[in-house]
Amino acid sequence: MFASDHPSPSTSAEELTRLSLDLAAAAGQTIGFLRDVAESHWLHHTSVLAEAIRRYHQLWMPMMFGLTAESGKPLMILPPLDIEWVWFCHTLNPIFYRQYCDSRFSKLIGKPAIFNQENKDYALERCEEIWISKYPSESFENEVDSGDNHYHNKNIPQMDYLLGELSKQRCLFSEFSKPYMLELVYLIAARNRYKGFLFSLQRFADNSKTFVPTLDVLLMWITHKSYPNAYAVDVKEMEHSMEKVIDAGELVKEDHLEVMQKLWERVFDQPYEKAGCPVISGSNGVKPPIHWEATDSDVNVKYRPLLPRFLLEVNVLVKRIPAMKTPQKDESKEFLRFQFLRCHREMKINSPISTIPSDSWQKVVQLYCEFGTKGMVVERRRKGGVGINGSKLLESNTFLWNELLRAPSITLYGVIGQRLRVFVSITPPAQAPYLFKSVPDRVTDDSGAMVSEVILKMNQYRPQEGRWLSRTVLDHAGRECFVIRMRVGRGLWRRGSNKPNVVNWEDRCVEIREGSWSYVAGSIGKSPEKVIATATPNPTSQNWRASWRFSTGHDLFISHDLHYDLKTSTATDSHIRLLKGRRLQYENKENEDEEGEFVTIVRFTEENPGGRATGLINWKLSAVEFLPQEDAAFVLLLSTTILTSVTAMRNEDVGSLLVRRRLKEAKHGDRDWGSVIVMESSLNSVYVKPWYWNAKLVMAREGEEYVTKSYTPEECSDDFYKEALFRWNG
């Protein structure tokens, strides 16, 4: 049995809480604005902020007052970023802001509601025209030297207060940087919950000393306050009650949180927290274990076989329905089981029914999963049956992600056995980092065809020239998307006479081909024709044991102790460094045994001068993870050239390059890597943690006897490939 939002803040509070502003659209603009502020590092120097406050106080506010007095409402113009930042922070304290406006202008100065980017650009241009006309001697942009840490104009009212507010709100964007928060369905659900929050505050203000918002409610409240006229009208009857709301950065006491949760459950018969909406100030606790950022662009859309990967957060809570008069069977043997429809069917989370409370909602699981999991199945089972751990299915409900996305607040609940309520909420799916792994495949010739009797017959037994070690690149769903080929031999093979020769190191070549194999018979086929990137060896220098030139415009240098340098010959807006080990967002202090096998790609830009991890490579296991802003071909070249170089330097097959057959992988759908990441659970499986925490176990293949040595003579022997892989000129 299913129902949605029973009853929902979007329905019970809708008629009683009217808003004069499109908060869903406005909140999206707020997130974009906060990101611009966070990325404008020049803006956060004291001298720049002091000048911004002067410009705001002496120029902008008087100009807005004059323009508003003429038209009767805020003119559709927007100030430069520095002034808008001061204005935004000033409005976050509505009482101070109103007092400031009343004392200077005897009226509240409002902000125009502009939510379209094209209109915003026009509003900024129009503002500059008016500014130049009114203040010809004042620059429209803030031109103060950011290196000057001293500020003047100390006589400006509220200078120290505003400097303190600007400093306090500097990191506000980090609260709202999750990629799903910009999705309209999330913003609409957040607006509805904010209405419910205001309704609770208005109705029960006398019952509590403080009201603790969740993150989505906080976003709406901050956005609401930044439009002073709309906020003043909408909260006029509860202005003093709004002082009870805890703001961002304030300490949340457990007893205050408990009171808020019980109040919400009593008013709306729903749990207060849901997916993507934790209580502010870290009360929800755990930092997500995944590297998941909002992205404006994906440079890999040019690769047609490549499909993006989408993640969503899932939150499941259960609650017992008050006992009915009819006696129930013994519950000690009954439990709820939670598992997915696809991608990770092995994962099963069991929760005993006897421990589920009736007076509050109990969180069963909080996790991240790929949208490809399709949905969650909730089963009521009874212990007993076949085997020691056997159980009998009594009842089940299925929660599909697509159905949840159509629900008003992205939530659904189900009733199981007329005794239990299950509440499931998700966040809108948002693009996540790509996951690739390269697996061994058959040797190919110069044309890209696999060396095989099948191909020989098709070519009327014309010998296949050249030998290339080949690997197939699989994405997170096991789809073939690229083929990697490494040239190791020239010449051809004829029975009893000719044999291919190993090419010199300087004649090596690594190429990435876009697409999947064209199979002609079983697992025998031809590689895709389109070559999208190549790498060739460079002459080595004294300090570097290996060097490669990429067709992407990069030169890679590798030292004997596996330190890296990357130079680029093309003009870019960022500087790249390759750091040994799992660094920055990928750091894992619990397991540091495999650090040498990892390389972190770090980009330094004007927005991220301290560096930002954009990819992680495990060259030994040929596994990579990277953000959509990184080019897939570039990352694959890095992984393959590092593996090839280390193999030659160590004179050891460190990455299974000698394996020349497709190996047996885990059955697709049982426990696909990266498909599920559980936040907190009794599950000890490495498959529900980030793959790079225990890469060896996650990437382990089915069975131990997977290396075959029954290669045909035309494919050449192990000795041939050992000579090719271990030949070194460094």
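**Core packing and a buried helix face**

Q: Which residues does M61 touch, not counting residues up to four places away in sequence?
A: The model is predicted: local features need pLDDT of at least 70 and side-chain atom pairs pLDDT 80 or more, while totals for chains, interfaces and linings use all residues. Residues are numbered from 1 along each chain as its sequence is written, and side-chain values use heavy atoms, without hydrogens or water. With contact meaning heavy atoms within 4.5 Å, M61 touches Y56, W87, Y97, Y100, C101, R104, F105 and I109.

Q: Which residues touch the most other members of the largest nonpolar core?
A: A nonpolar core is a set of buried Ala, Val, Leu, Ile, Met, Phe, Trp, Tyr and Cys residues joined through side-chain atoms within 4.5 Å; buried means under 20% relative accessible area, with a 1.4 Å probe and protein chains only. The largest such core has 96 residues, and those with the most contacts to other members are W60, M61, W85 and F176.

Q: Which helix gives the largest share of this core?
A: Helices are DSSP runs of H or I with at least four residues, and strands are E runs of at least two, numbered from the N terminus. The largest share, 12 residues, comes from residues 46–71, helix α3.

Q: Why are the buried residues of α16 on the same side?
A: In α16 (residues 718–726), the buried residues are F720, Y721, A724 and L725. They lie on the same side of α16 because the arc they cover around the axis, taken from the directions from the helix axis to the C-beta atoms, is only 120°.

Notes
Buried means under 20% relative accessible area, exposed over 50%, partly exposed in between (1.4 Å probe, protein chains only).
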